[in-house]
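Here is a short report on one protein chain. It covers salt bridges, fold and surface.

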Amino acid sequence: MARTARGADSLESARQMLAGAQTAEQLRQAQAVVLPLDYGLSLEQTAQVIGRSPAWTCRLRNRFLAGEVAGDGQRPARGGRRHQNMTTEQERQVLAPFLDRARTGGILVVGQVKCEIEAALGRPMALSSVYNLLHRHGWRKLAPDKRHPQSDPLAQEEWKKNSPSALPKSARTGRSKAPSS
């Protein structure tokens, strides 16, 4: 099999990477290049040997041939907020009046928050996205407190002491026990 000068250079650098790989991903990337060229393995066989899918194996090989080394920091890591509607700071600005009211004992109504966010975005937004946004900013659906924020415990105790007595008990009705003989 005739190899071009570029292919020979790639094979040689892949062999060097194979010998000096620092991570498992770098080792797999070098194997994705070396195994088919040196041992004649197909893409599927190479994928099986390195423990990746054929598509991922092809991707590793193509990235190596393009000059990328797996795990060298050139390519940003996967994850993050790629499809965000607003930046975190913009979300904070939209939520600020609602969260301030909620902190002082007011009620945070998700429907109102949704309308405000939709107005800021200029398009409709799913209710689940609003709940995710609130969760991202540290808010969750809470049960009401056991007491009202404006309640007066002293007045409640005073009322209990001075309130009219309970209603008179009603007469017992219903079947009475028959005397045993």
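A salt bridge here is a side-chain nitrogen of Lys or Arg within 4 Å of a carboxyl oxygen of Asp or Glu. E12, R15 and D38 form a network of such bridges. The count by this rule is eight salt bridges.

This is a predicted model: local features need pLDDT of at least 70, side-chain atom pairs count only at pLDDT 80 or more, and totals for chains, interfaces and linings use all residues. Residues are numbered from 1 along each chain as its sequence is written, and side-chain values use heavy atoms, with hydrogens and water left out.

**Fold and surface**

The chain has eight helices and zero strands. Helices are DSSP runs of H or I with at least four residues, strands are runs of E with at least two, and numbering starts at the N terminus. The order from that end is α-α-α-α-α-α-α-α.

The chain holds 181 residues, and 19% of them are buried. Buried means under 20% relative accessible area, exposed means over 50%, and partly exposed lies in between (1.4 Å probe, protein chains only).

A contact means heavy atoms within 4.5 Å. Among contacts in the chain with a separation of 6 or more, 44% join residues 24 or more positions apart.

**Salt bridges in detail**

Side chains of opposite charge can pair when their charged atoms come close.

What separates R28 and E25 along helix α2? They sit three residues apart in α2 (residues 24-39), so about one helical turn lies between them. R28 is partly exposed at 22% relative accessibility. E25 is also partly exposed, at 21%.

The E25 and R52 pair links distant parts of the chain. E25 lies in helix α2, while R52 lies in the loop between α3 (43-50) and α4 (54-65), 27 residues apart. R52 is partly exposed, at 31%.

K160 and E157 lie in helix α8 (residues 153-162). Three residues separate their positions, about one helical turn. K160 is exposed at 54% relative accessibility, whereas E157 is partly exposed at 41%.
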